[in-house]
Amino acid sequence: VYTTPVSLIYDANNGTNAPAASTVSIGANYNATQTGTASISVTGSVPSRIGYTFAGWADTAGASSAQYQSGSVITGLTADKTLYAVWDLNEYTVTFVVNGETKKTETVPYGGSATAPAVDAYATIDANNHSVFTGWDRTFSSVTGDLIVHAVFETEAHDYLVSETIPASCEQDGSILSVCADCGQEKIEVLPATGHAWGEWTVVTPATCEGEGAEQRVCANDASHIETRAIAATGH
């Protein structure tokens, strides 16, 4: 009676650091006819692969899920058997932040690229300036880990152009509306009311001995503004 070795062989399946084979002996007679079977426990050692997480072992290299884990016992072995590593592709979270607010969160597989959200070209800061979107503070292609990506803005002065002018009148304020040619920010400048500019009093109806007359004066700023006052009767 002789013994013959039977091995459980580990294939890293595109990974590295495959565990060493586990080997046991089974009985065989003089003409190599097998007289026993072997049982072997799956190793606790694991291989490694960049961008992937080890999921376990399987009978075929193309398996999508693991059939064996560390400590699993494989029985009935009469010849060498190869186990292949099963890998899960890592996924990472890419977060896009605009002005302190999360604009988008995306899950990206290892080595993949995220898609940036749309960002307004201009962001108003105050009446004098706006911020201009110039891009992102880091790349988000070939992702290999979780990322937080911030929008980058540069401050520049508004380019105001006069859009509409409403002249002031004697009694009402006017205004000048200006609009930024870049971002559309509006600015309104108030034109104070001018007040009346009265001319001299002019007699329009002379007084008589027994009847009142009348006189008027006209605003030089707006001829539609007219004041009238009575002239006392002269008496006999």
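Student: How many bridges join strand β16 to β17?
Tutor: This is a predicted model, where local features need pLDDT of at least 70, side-chain atom pairs count only at pLDDT 80 or more, and totals for chains, interfaces and linings use all residues. Residues are numbered from 1 along each chain as its sequence is written, and side-chain values use heavy atoms, without hydrogens and water. Strands are DSSP runs of E, at least two residues long, numbered from the N terminus, and two of them pair if DSSP finds at least two bridges between them. Strand β16, residues 213-218, runs antiparallel to β17, and the bridges between them number six.

Student: What is the bridge partner of Leu 177 in β14?
Tutor: Strand β13 (residues 174-180) pairs with β14 in the antiparallel sense over six bridges. Gly 174 is bridged to Leu 191 in β14. For Leu 177, the partner is Ile 188.

Student: Which residue in the turn between β13 and β14 has a positive phi?
Tutor: The two strands form a hairpin with five residues between them. A phi of about 85 degrees belongs to Gly 184.

Student: How many of the six residues of β14 are buried?
Tutor: Buried means under 20% relative accessible area, with a 1.4 Å probe and protein chains only. Strand β14 (residues 186-191) lies largely in the open, because the number buried is zero.

How values were computed. Helix = DSSP H or I, 4+ residues; strand = E, 2+ residues; numbered from the N terminus. Buried < 20%, exposed > 50% of the residue type's maximum accessible area, 1.4 Å probe, protein only.
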